Amino acid sequence: ASHDLQEPLRSISSFIQILERRYAPVLDDDGQEFMGYVTEGAQRMQKLINELQDYTRVGRITREMERVDLNHILELARSNLRTKIEESNAELIIPELPHLVADLRQMIQLFQSLIDNSLKFQGEEPPRIVVECQDRITHWEFAVADNGIGVDPQYADRIFIIFQRLHTRDNYVGNGIGLAICKKIVERHNGTIRMDSKYTGGARFTFMLPKRMKKPEPIDRAPKMS
């Protein structure tokens, strides 16, 4: 369905660009404003489709698990977010992290999404993001904590459901997919993720990943044809 939506959306975007080039000079202030709404709507829909594709790929596309260095993973995630980190004057505290068997791309996506979440929902002070790691014998327990606006404990489960937003787009951009993708990635690696509802002064997400990986099973399965 996401692929089918791409073609009409491309047509809409193309005609919007043509309208802007040809008729922008003759539009009054209201016309300019309405054109801006249409352009913004098309861009938001494109981003939503891309994020939906990312969500459905987790579990469907199974790459070979490999031994990955999480220190390298965090460096890549930090590099991808460099502009946001610099603009918000954020401080990242990252300890020495272990190696584990995992999907490299999804590990980057997991840590990057959680750090990006902390950058997005910052408080009055510059973001201070702390990555933690504890050895739990059979599992590694990780956490990403920040000093942002936090999340009301009553929404601890809801925030991992796709399209669940706690804020309006006027205040914070996004489609409510990031944490849902994180949950799918962790579960694909036979782990669990939760929000630390006892943490105060910001938000803290913890997740467990096993030291020994079993062969992952696709989370999503197409329905049988009747």
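Predicted model: local features only at pLDDT ≥ 70, side-chain atom pairs only at ≥ 80, totals over all residues.

Student: What makes Ala24 partly exposed?

Tutor: Its relative accessibility is 22%. Buried needs a value under 20% and exposed a value over 50%, so Ala24, at 22%, counts as partly exposed. The residue sits in the loop between helix H1 (2-23) and helix H2 (29-57). Leaving aside neighbours within four places in sequence, Ala24 is in contact with Leu19 and Gln32. Its C-alpha is 8.6 Å from that of Met35, 11 residues apart in sequence.

Student: Why is Cys133 called buried?

Tutor: The relative accessible area of Cys133 is 19%. The cut-off for buried is under 20%, so Cys133 counts as buried. Cys182 has a relative accessibility of 1%, so Cys182 counts as buried too.

Student: What makes H6 largely enclosed by the rest of the structure?

Tutor: Count its residues: eight of the 11 are buried, so H6 is largely enclosed. The buried ones are Leu179, Ala180, Ile181, Cys182, Lys184, Ile185, Val186 and Arg188.

Student: How does H5 pass H6?

Tutor: In a left-handed crossing. The axes of H5 (residues 104-120) and H6 (residues 178-188) come within 10 Å and cross at roughly 145 degrees.

Student: Which residues meet where H5 contacts H6?

Tutor: From H5 come Gln106, Met107, Gln109, Leu110, Ser113, Leu114 and Asn117, and they meet Leu179, Ile181, Cys182, Ile185, Val186 and Arg188 in H6. By class, the residues of this contact are eight nonpolar, four polar and one charged.

Student: Which residues have the most contacts inside the largest nonpolar core?

Tutor: Leu70, Phe142 and Phe207, in a core of 38 residues. At least two residues of this core come from each of helix H3 (70-80), strand S3 (99-102), H5, strand S4 (128-136), strand S5 (139-145), H6, strand S6 (192-195) and strand S7 (204-210). H5 gives the largest share, seven residues. As general background, nonpolar side chains in soluble globular proteins tend to be buried together.

Student: What is Phe142 in contact with, leaving aside its neighbours within four places in sequence?

Tutor: Its partners are Leu70, Leu97, Pro98, Leu100, Phe111, Glu132, Cys133, Phe205, Thr206, Phe207 and Leu209.

Student: What makes Asn89 exposed?

Tutor: Asn89 has 57% relative accessibility, and exposed means over 50%, so Asn89 counts as exposed. Its place is the loop between H4 and strand S2 (91-93). Although it is not a glycine, Asn89 has a positive phi of about 55 degrees. In general, most residues other than glycine have a negative phi.

Student: Where does Ile137 lie, and is it buried or exposed?

Tutor: Ile137 lies in the loop between S4 and S5. Its relative accessible area is 72%, and that value is over the 50% cut-off, so Ile137 is exposed. Phi of Ile137 is positive as well, near 70 degrees, in a residue other than glycine.

Student: What is the phi of Asn190, the residue that follows H6?

Tutor: Positive, near 60 degrees.

Methods: Residues numbered from 1 in each chain as written. Heavy atoms only, no water. Axes fitted to C-alpha atoms, helices over the stretch in contact; angles between N-to-C directions. Helix = DSSP H or I, 4+ residues; strand = E, 2+ residues; numbered from the N terminus. Left-handed = near helix turned anticlockwise from the far one by under 90°. Contact = heavy atoms within 4.5 Å. Nonpolar A, V, L, I, M, F, W, Y, C, P; charged D, E, K, R; others polar. Core = buried A, V, L, I, M, F, W, Y, C linked by side-chain atoms within 4.5 Å. Buried < 20%, exposed > 50% of the residue type's maximum accessible area, 1.4 Å probe, protein only.
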